[in-house]
Amino acid sequence: LGDLLSNPNPTPAVELLVRVFTYLTQECAWPPERIHLFGFAQGGTVAAEAGVQWWRKEQERVRKAQISEVGDSGTAAPVPDPRALGSIVSVGGPLLSYPTSQPPCPTPVLLAHRPSELPAGAAAAFKKAYSCFTEVSMGRGEGMPRSRDEWEPIMRFWSEKLARRQMDGLYEVMSGTAP
């Protein structure tokens, strides 16, 4: 209901998200790199923790495929690579776990926060969990980004990470470029 939880436990929400990712990728054939997460405060924590759990599950899937490498025909079956999610944006939501998976998750992560929002060591935990980590301070105040200056780093991050669809009759309009 929007109340701040003093001792949050994101485990049920993280498990649900990972089940949703599994359904989307297996049943709907949705590419994991097209799944992008955004969360504010505890929602940011859930998004970041879900990214870590997904990466662990993918590494386990690859390990199992390596063990059963030989197919029915006696020839070596191709071993899949672990698949990362598209991106994660957490606004003021730290990781609660201190993951040490090797290699770290390659999902690009942006942590946007106010100076006093995060506990000490929050950025270090993200750096251990994610190999592509960016941190942005939004300035004084509290809550969600409110101004263009506060939203601009998030929008720039998304502009670099979100996939562009190529369709007939669709043209990209770019300002500041010569015809």
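Select Ala 41 to begin: at 23% relative accessibility, this residue counts as partly exposed. On this scale, buried means under 20% relative accessible area, exposed over 50%, and partly exposed in between (1.4 Å probe, protein chains only). Ala 41 lies in the loop between E1 and H2. Check its backbone: phi is near 55°, a positive value in a residue other than glycine.

Before moving on, note that this is a predicted model, in which local features need pLDDT of at least 70, side-chain atom pairs count only at pLDDT 80 or more, and totals for chains, interfaces and linings use all residues. Residues are numbered from 1 along each chain as its sequence is written, and side-chain values use heavy atoms, with hydrogens and water left out.

Now select Ala 29. This residue is found in the loop between H1 and strand E1 (36–40). Ala 29 also has a positive phi, about 55°, although it is not a glycine. Its relative accessible area is 62%, so Ala 29 is exposed.

**The whole chain**

Zoom out and colour by secondary structure. The protein chain has four helices and four strands. Helices (H or I, at least four residues) and strands (E, at least two) are DSSP runs, numbered from the N terminus. Along the sequence, the pattern reads α-β-α-β-β-α-β-α. Of the 179 residues of the protein chain, 36% count as buried. Contact means heavy atoms within 4.5 Å. Among contacts in the protein chain with a separation of 6 or more, 70% join residues 24 or more positions apart.

**H1 against H2**

Show helix H1 (residues 11–26) and helix H2 (residues 42–67). They pack at an angle of about 55°, and their axes are 9 Å apart. Axes are lines fitted to C-alpha atoms, for helices over the stretch in contact, and angles run from 0 to 180 degrees between N-to-C directions. H1 and H2 are therefore oblique to each other. Angles under 35 degrees count as roughly parallel, over 145 as roughly antiparallel, 65 to 115 as roughly perpendicular and the rest as oblique.

Which residues of H1 and H2 make the contact? From H1, select Ala 13, Val 14, Leu 17, Val 18, Phe 21, Thr 22 and Thr 25.

Pick out Ala 13 in helix H1. Ala 13 is partly exposed, with a relative accessible area of 30%.

**The cores**

Next, the largest nonpolar core, with 27 residues. A nonpolar core is a set of buried Ala, Val, Leu, Ile, Met, Phe, Trp, Tyr and Cys residues joined through side-chain atoms within 4.5 Å. Phe 21, Leu 37, Leu 95, Phe 126 and Tyr 130 have the most contacts inside this core. H1, H2, strand E3 (109–113) and helix H3 (122–129) each supply at least two of its residues. H2 gives the largest share, seven residues.

Centre on Tyr 130. Beyond neighbours within four places in sequence, its contacts include Ala 48, Ile 88, Leu 95 and Val 109. Then find the second, separate core of eight residues, Val 89, Val 91, Leu 110 and Met 138 among them.

**Last stop: Phe 133**

Phe 133 lies in strand E4 (residues 133–137). At 16% relative accessibility, Phe 133 counts as buried. Leaving aside neighbours within four places, Phe 133 contacts Val 109, Leu 111, Ala 123, Phe 126 and Lys 127.
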